[in-house]
Amino acid sequence: MEPTPTIAEPALVVSHLTKRFGTRIAFDDVSFTVARGEVFGFLGPNGAGKTTMVRTLGTLLAPTSGSATVLGLPLDPGHGVQIRRRTAVMPETPGLYVRLTVRENLECFADLYETDVPRIAIDEALAAVDLTDRADDPCGTLSKGLRQRVALARALLSSPELLFLDEPTSGLDPVAARDVYGLVEGLRTRGATIFLTTHRLEEAERLCDRVAILNTTLRTIGPPNELRNRLFATAIQIRLAAPLADPDAVFGTVPGFTRWQRDDEGAYLVTVTDPAAAAPALTRALAAAGADVLAIGESRHSLEDVYLQLVDEGPVKDAR
Amino acid sequence: MSFDLRRVRAIIRKELREIQHNRSLLVAMAVLPLVFIIQPLVAVLGLSAKAAAGLSHEHVLLYLLGIPVLVPPVIAATAIAGERQQGTLEPVLTTPIRREELLLGKALAAWVPSIAIAYVVDAAFLAVVALFAQPGIASAMVNRSDLAAQVVFVPLLAAWSIWVGLAMSTRASDARVAQQLSLLASLPVVLCVVLIALDVIPPSPELGVALAALLVVLDVGGWWVTSRLFDRERLIAGTRD
């Protein structure tokens, strides 16, 4: 009996999925869930298995073991066409027909996706990526950034419920990458579920509700903020005009104080359990000690810190 | 299995547009038949008027059936391997298209220009012979059965050659390798055509019907076999589980 997807169902449910090519393991025992409307980042170094995951969930490759459902449909050969009707993939390389114009490329894919009114779908997709005025240019004459935009327009033609973006800003300059960020943010507001692979951490941090870090096995998963907090203790960074005579005496009075250290630039990093509660007390203690405070603020670890910490570690099981 | 003609049409239209914009492909498609007709043309134009009587046992027109065998691999062999090399295959395979639809679209897009070229070359050959050969040569050379053979066998041979080319294209890692293998695989058919043209295998209506029936079976079977050879996973990842 055919499964009947409901809107409350997650967009993706991946359970112990493994893909091998002969003896080479692309990814191993990966499990996660992506909710509808979520922008989900899949991070990992080159060769981590990100593209293979996209290809597998996009029904181009068959998993070696494990199971998955895509928009409520089981990931198996019998549902390939149904899944591909409701999803779209933007591969890492745009893969455009360079001799054909932008519009001719989109016309082909509008028909392949069986769009109801191809002309309208094409015009809307071109407008979404701001390429209406280049519609009649051969794709071979476009810059790499514009080609990425055409590839994104192609992926938007069928108004997919789930969009896989494989390294969408790979090889783009910062301006072109920023344009792509804007487009992804626009898609998020339209309610599309986005599965985005990247090794650009600032991209994941900016765009994604949750990120998963993969290096053949899944290392961790969660919102970028939560990952930082989970992995690194919270600290308050203080810059003073002169070093403290007795830091232990000053910091020891602060509620939730754990330890202190100085960074390479001489600033104090005071580890506390709750920075919001500790900061006022810390300011008072510093003033009482006669210290001249130049700056005080929460020390933030970047997603890069999390990433670098995790990619060399062993697998984290059941990281849903 | 549902079969969507709109997706087939999309592939045909895209392929024909690409062929139209691909000058090197057009040149290759044009040059190959020209090379193929030079020898018979020189031979026919060199005949004296007295030789007309001896032409009744020769089938120069059948020799031209080699053209629909040799032209299609130029297009068909690059159809899959070429797209794979250019990175355009993956986006197509992420759409709802089925492999049977993709291959039929590719085959029809190669078939239409191939048979058009074959018929145009046939017509050009006959026109040159009629205009420049010695009196009596053209009328002695052209007979109804050979013309009928052209009409029947050009599409059938082109289709067979296309399926061979597509089959090679789905398995070869490189478009040029696929082209060369396709041409190599076509040679036995060309040899057969030449032997019939030279009357080594005497042509007859019975032989014509049998060969046409065989080609119809091979053409339909070719679609099925090529579809089975088309392996998404190997084409995308370059390897298999």
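These entries record what I looked up in a predicted model.

**Entry 1: the antiparallel sheet.** I began with the strand order in chain A. I found an open sheet of 4 strands, ordered β2-β1-β4-β5, with antiparallel pairing. I then noted that β2 (24-34) and β5 (73-74) of chain A each have a single partner strand and stand at the edges, so one side of each lacks a neighbour in the sheet.

**Entry 2: β1 and its partner.** I looked at strand β1 (residues 12-21) of chain A, which pairs with β2(A) in the antiparallel sense over 7 bridges. I traced Leu17(A) to its bridge partner in β2(A), Val30(A). I also recorded helix α1 (residues 50-57) of chain A, which lies across β1, β2 and β4 (65-70) of that chain and runs at about 115 degrees to β1(A).

**Entry 3: burial of β8.** I turned to strand β8 (residues 193-198) of chain A. I found 6 of its 6 residues buried, so the strand is largely enclosed by the rest of the structure. I checked both faces of β8(A): Thr193(A), Phe195(A) and Thr197(A) are buried on one side, and Ile194(A), Leu196(A) and Thr198(A) on the other.

**Entry 4: neighbours of β8.** I listed the parallel pairings next. Strand β3 (residues 39-43) of chain A pairs with β8(A) over 5 bridges, and strand β7 (residues 162-166) of chain A is joined to β8(A) by 5 bridges. I noted Leu196(A) in both pairings: Gly41(A) stands opposite Leu196(A), and Leu165(A) has Leu196(A) as its bridge partner.

**Entry 5: the crossover.** I followed the chain from β7(A) through helix α6 (residues 174-189) of chain A to β8(A), and recorded a right-handed β-α-β unit.

Definitions and conventions
Residues numbered from 1 in each chain as written. Chains lettered and ligands numbered in written order. Predicted model: local features only at pLDDT ≥ 70, side-chain atom pairs only at ≥ 80, totals over all residues. Pairing = 2+ DSSP bridges. Helix = DSSP H or I, 4+ residues; strand = E, 2+ residues; numbered from the N terminus. Contact = placed C-beta atoms within 7 Å. Axes fitted to C-alpha atoms, helices over the stretch in contact; angles between N-to-C directions. Buried ≥ 20, exposed ≤ 12 C-beta atoms within 10 Å, placed from the backbone. Right-handed = clockwise from strand over helix to strand, strands pointing away.
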